[in-house]
Amino acid sequence: MKAIKKRVADRDIRDLIWKFLRAGVIYNGECAETLTGTPQGGIVSPLLANIYLHALDTYMESNYLNLGDYARARRRKQGKSNYLYVRYADDFVVFCNGSKAEALAMKEELKGVLSNMGLTLSEEKTKVTHITEGFDFLGYRIIRGMGTSGKMVPKVLIPHKAIKQCQYKVRGMLGPRTTNEAFSAKILALNRLIRGWCAYYRSTSSPQWGFREVERKLIWDMAHWLGKKYKVKIPIVLRKYMKGKPKTFGTKTTTLVLPTTYKAKRYMAKTWHNPYTEKEAIIREKIIAFESLWLGNEDRDGYRDLREEVILLKGTTCYMCGTVLHPSEVEIDHDTPRKRFKDKTEADYYHRRESRPISSVRK
């Protein structure tokens with residue numbers, strides 16, 4: 001709050017931030033007080049981290065970063081190393097072009113700076129490693145390796161654990177217990193996962209190898225899921241449900257997105273930029289959130305496939321007002337009220353349904 005008061009004079013804003021800081025945590029129905037720190041996962045936490053850790057940025061800039069070429073060359077002649085420093089919220093990396101002893105000394109120095117700020121450097125998450133061994137930062141694998149020109153260059157790669165995590169999520173979405181769910185709904189859910197994951201990693205060095213690994217598991221998991229759903233063998237699944245170029249699974253209106261259709265997007269390296277104002281900066285918040293991802297499940301199993309059949313059969317014209325609608329605006333309803341049927345499965349045959357707008361759906 002002292003750091004905020006240096007820049008913010010509005011008392012109402014400061015009071016609102018104070019309430020964020022003092023908000024408790026509800027766990028198992030009980031509220032626990034939080035006397036220190038910021039809310040974990042709170043929407044304001046990254047902003048508060050930037051405000052408080054600005055002192056660390058200032059320390060690094062004044063002592064190591066804002067040095068000219070002459071000053072850096074002089075430090076090297078004196079046997080001292082130079083440093084680069086990158087921070088995103090509470091994650092940061094320090095690069096050192098000296099010995100391991102100097103890197104360890106910088107770690108202890110930063111530990112002391114953070115201690116004066118009332119913070120503790122996490123020993124479990126902090127490690128000193130050589131750049132040729134690489135390290136993970138913000139979901140990427142940073143490493144120095146041999147480039148196409150025969151020289152050692154920095155590379156940004158897809159971590160192996162990120163590929164395994166994506167494959168594990170796909171397998172969970174296509175589990176044996178989900179075969180009652182609609183085929184088209186499952187494709188839509190998988191497309192959301194693939195688009196988000198590939199868009200995040202397409203800017204890495206040679207991302208196609210990682211995309212191929214995900215695609216290989218995606219195709220076979222989807223084939224086995226369809227085989228269990230329709231109780232047919234894999235060759236029949238491949239002949240009946242794979243279409244287009246490149247070959248992929250799909251229905252008459254939806255198609256499964258293949259990771260390999262995403263091409264590498266190269267970002268030009270720049271010496272310095274502000275990640276919050278740079279137009280082509282990689283935005284970390286857009287990384288796919290596996291925990292909140294829709295898995296393709298429905299309130300009524302198979303409903304989306306039924307909806308698709310009705311739209312193909314009767315179009316998207318509302319039978320009440322005659323308005324021609326976009327397929328995304330269409331919902332289906334019974335011609336004859338469902339409660340009149342003794343057998344509810346008989347009421348759900350698609351020839352008894354009409355298309356109508358979502359806004360006028362009756363229960």
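Guide: Start at Phe183. Beyond its neighbours within four places in sequence, Phe183 is in contact (heavy atoms within 4.5 Å) with Met222, Trp225, Leu226, Lys229, Tyr230, Tyr241, Phe249, Gly250, Thr251 and Asp305. This is a predicted model, where local features need pLDDT of at least 70 and side-chain atom pairs count only at pLDDT 80 or more, while totals for chains, interfaces and linings use all residues. Residues are numbered from 1 along each chain as its sequence is written, and side-chain values use heavy atoms, with hydrogens and water left out.

Now the core around this residue. A nonpolar core here is a set of buried Ala, Val, Leu, Ile, Met, Phe, Trp, Tyr and Cys residues joined through side-chain atoms within 4.5 Å. Buried means under 20% relative accessible area, exposed over 50%, and partly exposed in between, with a 1.4 Å probe and protein chains only. The largest core has 42 residues; those touching the most other members are Phe183, Leu190, Trp197, Tyr201, Met222, Leu226 and Phe249. At least two residues of this core come from each of strand E5 (135-137), strand E6 (140-146), helix H7 (160-173), helix H8 (183-201), helix H9 (208-230) and helix H10 (234-241). These elements are DSSP runs numbered from the N terminus: helices are H or I with at least four residues, strands are E with at least two. H8 gives the largest share, 10 residues. A second, separate core of 13 residues includes Leu56, Met60, Met106 and Leu114.

Next, the helix pair that holds Phe183. The axes of H8 and H9 come within 13 Å and cross at roughly 170 degrees. H8 is therefore roughly antiparallel to H9. The axes are lines fitted to C-alpha atoms, for helices over the stretch in contact, and angles run from 0 to 180 degrees between N-to-C directions. Angles under 35 degrees count as roughly parallel, over 145 as roughly antiparallel, 65 to 115 as roughly perpendicular, and the rest as oblique. H8 brings Phe183, Lys186, Ile187, Leu190, Ile194, Trp197, Cys198 and Tyr201 to the contact. H9 answers with Gly210, Phe211, Val214, Leu218, Met222, Trp225, Leu226, Lys229 and Tyr230. By class, these residues are 14 nonpolar, 1 polar and 2 charged. Ala, Val, Leu, Ile, Met, Phe, Trp, Tyr, Cys and Pro count as nonpolar, Asp, Glu, Lys and Arg as charged, and the others, Gly among them, as polar.

H9 also packs against H10. Their axes are 9 Å apart, at an angle of about 100 degrees. H9 and H10 are therefore roughly perpendicular to each other. Trp220, Ala223, His224, Leu226, Gly227 and Tyr230 in H9 meet Ile234, Val237, Leu238 and Tyr241 in H10. The contact of H9 with H10 has 8 nonpolar residues, 2 polar and no charged ones.

On to the strands of this core. E5, E6 and E7 form an open sheet of 3 strands in the order E5-E6-E7, with antiparallel pairing. Strands pair if DSSP finds at least two bridges between them. E5 and E7 are the edges, each with a single partner strand, so one side of each has no neighbour in the sheet. The twist averages 35 degrees from one strand to the next. E6 and E7 (residues 152-157) pair over 6 bridges. Ile142 has Val156 of E7 as its bridge partner, and Met146 has Met152. E6 and E7 form a hairpin with 5 residues between them, and Gly150 in the turn has a positive phi of about 90 degrees.

Another hairpin is built from E3 and E4, with 2 residues between the strands. Ala89 in that turn has a positive phi of about 55 degrees. Strand E3 (residues 83-88) and strand E4 (residues 91-96) pair in the antiparallel sense over 6 bridges. There, Tyr85 has Val94 of E4 as its bridge partner.

Last, a residue further along the chain. Ile311 lies in helix H11 (residues 303-314). Ile311 counts as buried, at 14% relative accessibility. Leaving aside neighbours within four places in sequence, Ile311 is in contact with Thr316, Pro327 and Val330.
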